[in-house]
Amino acid sequence: MYFGSDSKAQTHRLRLSSLYSSYKSWTVKNYMVKVGDDARQEYFAMQIIREFDTIFKLKKLKLLLTPYEIIPVGADACLLEMVTDATSIDSL
């Protein structure tokens with residue numbers, strides 16, 4: 001899925017209509033819903049990746065990790081943050 005200039009236009013439209021757009025932390029994030037799978041292992045793996053990313057930055061290593069948000073919403077469902085500007089496995 002491609003989120004190019006259409007995404008920027010959508011973000012602009014949302015910012016104009018949002019009551020909270022004046023906040024510095026205001027942003028738009030894209031999520032996909034994953035259902036039918038226990039997300040606890042993915043959530044744990046992302047915690048480890050996030051920790052390694054912090055360590056790499058503290059040690060000033062030129063290693064790039066892209067941690068993304070995983071939000072469990074039930075026993076067998078979660079929200080996964082879409083990573084922008086990423087190459088899909090399909091296109092590789």
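A salt bridge is a side-chain nitrogen of Lys or Arg within 4 Å of a carboxyl oxygen of Asp or Glu. The legends below describe close-up views of a predicted model.

**View 1. The D38–R40 salt bridge.** The side chains of D38 and R40 form a salt bridge, with N and O 2.6 Å apart. D38 counts as partly exposed because its relative accessibility is 33%. R40, at 63% relative accessibility, counts as exposed. Elsewhere, salt bridges that share partners join K34, D37 and E42 into one network. In total, the structure holds five salt bridges.

**View 2. The K34–E42 salt bridge.** K34 and E42 meet through their side chains in a salt bridge of 2.4 Å, N to O. Both residues count as partly exposed: K34 has a relative accessibility of 25%, and E42 has one of 22%. K34 is also among the residues in contact with C78. Side chains of opposite charge can pair when their charged atoms come close.

**View 3. The K29–E69 salt bridge.** K29 and E69 form a salt bridge in which the closest N and O atoms are 3.5 Å apart. The pair links distant parts of the chain, 40 residues apart. K29 belongs to the loop between α1 (5-17) and β1 (31-35), while E69 belongs to the loop between α2 and β2. K29 is partly exposed, with a relative accessible area of 41%. E69 is also partly exposed, at 29%. Leaving aside neighbours within four places in sequence, K29 is in contact with E69 and E81. The C-alpha atoms of K29 and Y68 are separated by 11 Å, and these two residues are 39 residues apart along the chain.

**View 4. E81, a buried residue with no salt bridge.** E81 is found in strand β3, which covers residues 77-81. E81 is buried but has no salt bridge. For E81, the nearest side chain of opposite charge is that of K29, 4.0 Å away. Not counting residues up to four places away in sequence, E81 touches K29, N30, Y31, Y68 and E69. Two of these, K29 and E69, form a salt bridge with each other.

**View 5. Helix α2 and its two faces.** Helix α2 runs over residues 40-58 and has 19 residues. From its first C-alpha to its last, α2 reaches 27 Å, close to the 27 Å expected at 1.5 Å a residue. The buried residues of α2 are M46, D53 and F56. Seen down the helix axis, these buried residues fall within an arc of 80 degrees, so they line one face of α2. An α-helix has 3.6 residues a turn, so residues three or four places apart point the same way. The buried residues of α2 pack against β2 (70-74). On the face turned away from the buried side are the exposed residues R40, Q41, F44 and L58. One of these, R40, is the salt-bridge partner of D38.

**View 6. The largest nonpolar core.** The largest nonpolar core has five residues, namely A39, M46, I70, C78 and L80. One of them, M46, is a buried residue of α2. C78 is in contact with M32, V33, K34, A39, I70, I71, P72 and V73, when its neighbours within four places in sequence are left aside.

**View 7. K60, after helix α2.** K60 follows α2 and lies in the loop between α2 and β2. K60 is not a glycine, yet its phi is positive, about 55 degrees. Most residues other than glycine have a negative phi. K60 counts as exposed because its relative accessible area is 72%, and residues over 50% are exposed.

**View 8. K62, in the loop between α2 and β2.** K62 is placed in the loop between α2 and β2. At 86% relative accessibility, K62 counts as exposed. K62 and Q10 are 52 residues apart in sequence. From C-alpha to C-alpha, K62 and Q10 are 33 Å apart in space.

Technical notes
Residues numbered from 1 in each chain as written. Predicted model: local features only at pLDDT ≥ 70, side-chain atom pairs only at ≥ 80, totals over all residues. Heavy atoms only, no water. Core = buried A, V, L, I, M, F, W, Y, C linked by side-chain atoms within 4.5 Å. Buried < 20%, exposed > 50% of the residue type's maximum accessible area, 1.4 Å probe, protein only. Contact = heavy atoms within 4.5 Å. Helix = DSSP H or I, 4+ residues; strand = E, 2+ residues; numbered from the N terminus. Expected span 1.5 Å × (residues − 1). Arc of directions from axis to C-beta. Lys, Arg positive; Asp, Glu negative; His and termini not counted.
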